[in-house]
Amino acid sequence: MAIYKPGRPNKYNPTTQSGIKPPAKPGEYRMRDESGRITYIGETNNLARRTSEHIRSGKLPVGAGGGTLEYKVADGRSTSNTRRQHEQASIEKHQPLLNKSKGGEGRPAGK
């Protein structure tokens, strides 16, 4: 089952506020640094909230040399388990710098 539509992800730059702001929906996201390298991959049940958390923590820098967020919204058939499996496969494939684990440790969606 494909839980994400094919094609390129939406992009959002919090420094310039260009692109499409992430919605309050479940999905997977990637953060890229100013050189375009993927630095972090994650899965969440609320893309908008998680983006704000990463900005506040400094993991997604805002300002000179800031990063870009790419995300895909999951379809209505996805579950937290299917999104985590996809996240784990993405982390294994791309080996992002800031992911300290293989993914999937978050609490289940809806709790």
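User: What does it take for two strands to pair?

Analyst: Two strands pair if DSSP finds at least two bridges between them. Strands are DSSP runs of E, at least two residues, and helices are runs of H or I, at least four, both numbered from the N terminus. This is a predicted model: local features need pLDDT of at least 70, side-chain atom pairs count only at pLDDT 80 or more, and totals for chains, interfaces and linings use all residues. Residues are numbered from 1 along each chain as its sequence is written, and side-chain values use heavy atoms, leaving out hydrogens and water.

User: Which residue in β2 stands opposite Asn 13?

Analyst: Strands of a sheet pair through backbone hydrogen bonds, either parallel or antiparallel. Here, Asn 13 faces Ser 18 in β2. Strand β1 (residues 10–13) runs antiparallel to β2, joined by 2 bridges.

User: In what order do the 5 strands lie?

Analyst: The open sheet reads β2-β1-β5-β3-β4, with antiparallel pairing. Its edge strands are β2 (18–19) and β4 (38–44), each pairing on one side only.

User: Which strands does helix α1 lie across?

Analyst: Axes are lines fitted to C-alpha atoms, for helices over the stretch in contact (heavy atoms within 4.5 Å). Angles run from 0 to 180 degrees between N-to-C directions. Helix α1 (residues 47–57) lies across β3 (27–32), β4 and β5 (68–73), at about 30° to β3. Helix α2 (residues 80–94) lies across β3 and β4, at about 170° to β4.

User: Why does Ala 48 count as partly exposed?

Analyst: Buried means under 20% relative accessible area, exposed over 50%, partly exposed in between (1.4 Å probe, protein chains only). Ala 48 has 26% relative accessibility, so it counts as partly exposed. Ala 48 sits in helix α1. Leaving out residues up to four places away in sequence, Ala 48 touches Pro 22, Pro 23 and Ala 24.
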